[in-house]
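Subject: Structure handover

Hello,

Here is the structure I promised to pass on. Please open it first, then read my notes below.

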Amino acid sequence: MAEPAHRTTIREIADLAGVSIATVSRVLNGRGDVAEDTRELVSRIIRDNGYTANRSARGLSAGRSGLVGVLVPLVYPAYFSAILSGAAEALAEQDLRVVLSPTGHEHDREVTLLERLMHGLTDGALIVLPEESSEELERLLDHGYRFVVVDPLMPLDERIPSVSAAHTSGAHHAMGHLLGLGHRRIAAITGPRGWVATEDRRRGYHAALASAGILPRPELEAEADFEIGGGVEAAGHLLDLAEPPTAIFAFNDNLAIGAIQAARVRGVRVPEDLSVVGFDDIEHATIVTPTLTTVRQPLAEMGRTAVSLLIRLLERQRFETLRVELATRLVVRESTAPPRRP
């Protein structure tokens, strides 16, 4: 039996033309906001490769709007923009368009936007770090609206589809790295109490200490708000202890960068006097001095996976699980080293 011929994808067309997937999508849909020479190049590559639009996606949008809402707290920070870029590319590949709705971390604004998106404007939505409770999101499901949560803020009911990173194992890897270097007095700068990311990473932190026979010490845990300023303040408190830590595991890269700044102000050298590990691997991790050892979350892939899950929901496919957890990995750079000898 002959194998089916390879079907050229929109991503391959974009790679051949040296343009973005979004640009190819605009050409395919006859949009006017494309330079003429770019349009001619993309059109020629489409003809040469016999590309045809995804018929299953077009069938999906029959009787539908072809629009998908993406609710995101903020657009600019690297964390959210990475998730958004992955989602936007995946939606473009399916010939679906984004209705971008920044919520500003405001609960009431998010509720209002979701109500507008649900009542006929969009076919479904991706909700990044939602402010709404699990009960509020369940009511959306009860009304038949299809959505996927990306990086849940609070614990969700098992009915709610979600995509997240493996926070606990990622934290365990970060701690394993510090313990392997010889650190024993390791502090943690956590995120807000009760958040899924905070509590899962805290579990990894405590589990790694326990596996090394080290009891957790409350004075070595400082809570912050996932922002650089919060990291500066929390690290300052830890470094001013009578017996300061030799290493800090910060629960995101912003907090880690804040810790490096607090150390610099006090004349504490990183990594000679203090090792610092972050979590996320946003672009700033490679810009800060020293470059940051951190746990990489597959942020763009989280966005792409959420789109794939949403498409399957819209097609009413059956699922083994509605929860997808993507693996993380440790990226070792310059901000960690063995502890300085007394």
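Please keep in mind that this is a predicted model.

The overall picture comes first. The protein has 342 residues, and 50% of them count as buried. It holds 12 helices and 12 strands. Along the principal axes, its C-alpha atoms fill a box of roughly 70 × 45 × 45 Å. Take the contacts between residues at least 6 apart in sequence: 70% of them join residues at least 24 apart.

Now the six-stranded sheet. Its strands follow the order S2-S1-S3-S4-S5-S11. The sheet is open, and the pairing is parallel. S2 (97–102) and S11 (323–326) stand at the edges. Each has a single partner strand, so one side of each has no neighbour in the sheet. From one strand to the next, the twist averages 20 degrees.

S5 (residues 162–165) runs parallel to S11, and four bridges join the two.

Glutamine 297 sits in the loop between strand S10 (293–296) and helix H12 (299–314). Is glutamine 297 buried or exposed? Its relative accessible area is 4%, so glutamine 297 counts as buried, the cut-off being under 20%. Its side chain makes a polar contact of 2.6 Å with the side chain of aspartate 280. Beyond its neighbours within four places in sequence, glutamine 297 is in contact with Tyr79, Ala165, His167, Arg201, Phe279, Asp280, Met302 and Thr328.

Next, strand S6 (residues 186–190). Five of its five residues are buried. Ile186, Ala188 and Thr190 point one way from S6. Ala187 and Ile189 point the other way, and all are buried. S6 pairs in the parallel sense with S8 (residues 247–250), over four bridges. With S7 (residues 221–223), S6 also pairs in the parallel sense, over three bridges.

Then go to helix H10 (residues 228–239), where you will find glycine 236. This glycine 236 is buried too, with a relative accessible area of 4%. Glycine 236 and alanine 263 are 27 residues apart in sequence, yet their C-alpha atoms are 7.4 Å apart in space. Leaving aside neighbours within four places in sequence, glycine 236 is in contact with Ala262 and Arg266.

H1 (residues 10–17) and H2 (residues 21–28) pack with their axes 8 Å apart. How do H1 and H2 lie, roughly parallel or roughly perpendicular? The angle between them is about 105 degrees. That falls within 65 to 115 degrees, so H1 and H2 are roughly perpendicular to each other. From H1, the residues Ile10, Arg11, Ile13 and Ala14 take part. They meet Ile21, Val24, Ser25 and Leu28 in H2. By class, this contact has six nonpolar residues, one polar and one charged.

Best wishes

Note on methods
Residues are numbered from 1 along each chain as its sequence is written. This is a predicted model: local features need pLDDT of at least 70, side-chain atom pairs count only at pLDDT 80 or more; totals for chains, interfaces and linings use all residues. Side-chain values use heavy atoms; hydrogens and water are left out. Buried means under 20% relative accessible area, exposed over 50%, partly exposed in between (1.4 Å probe, protein chains only). A polar contact is a pair of N or O atoms within 3.5 Å; within protein, one must be able to donate a hydrogen and the other to accept it, and residues adjacent in sequence count only if both atoms are side-chain atoms. Contact means heavy atoms within 4.5 Å. Two strands pair if DSSP finds at least two bridges between them. Axes are lines fitted to C-alpha atoms, for helices over the stretch in contact, and angles run from 0 to 180 degrees between N-to-C directions. Angles under 35 degrees count as roughly parallel, over 145 as roughly antiparallel, 65 to 115 as roughly perpendicular and the rest as oblique. Ala, Val, Leu, Ile, Met, Phe, Trp, Tyr, Cys and Pro count as nonpolar, Asp, Glu, Lys and Arg as charged, and the others, Gly among them, as polar.
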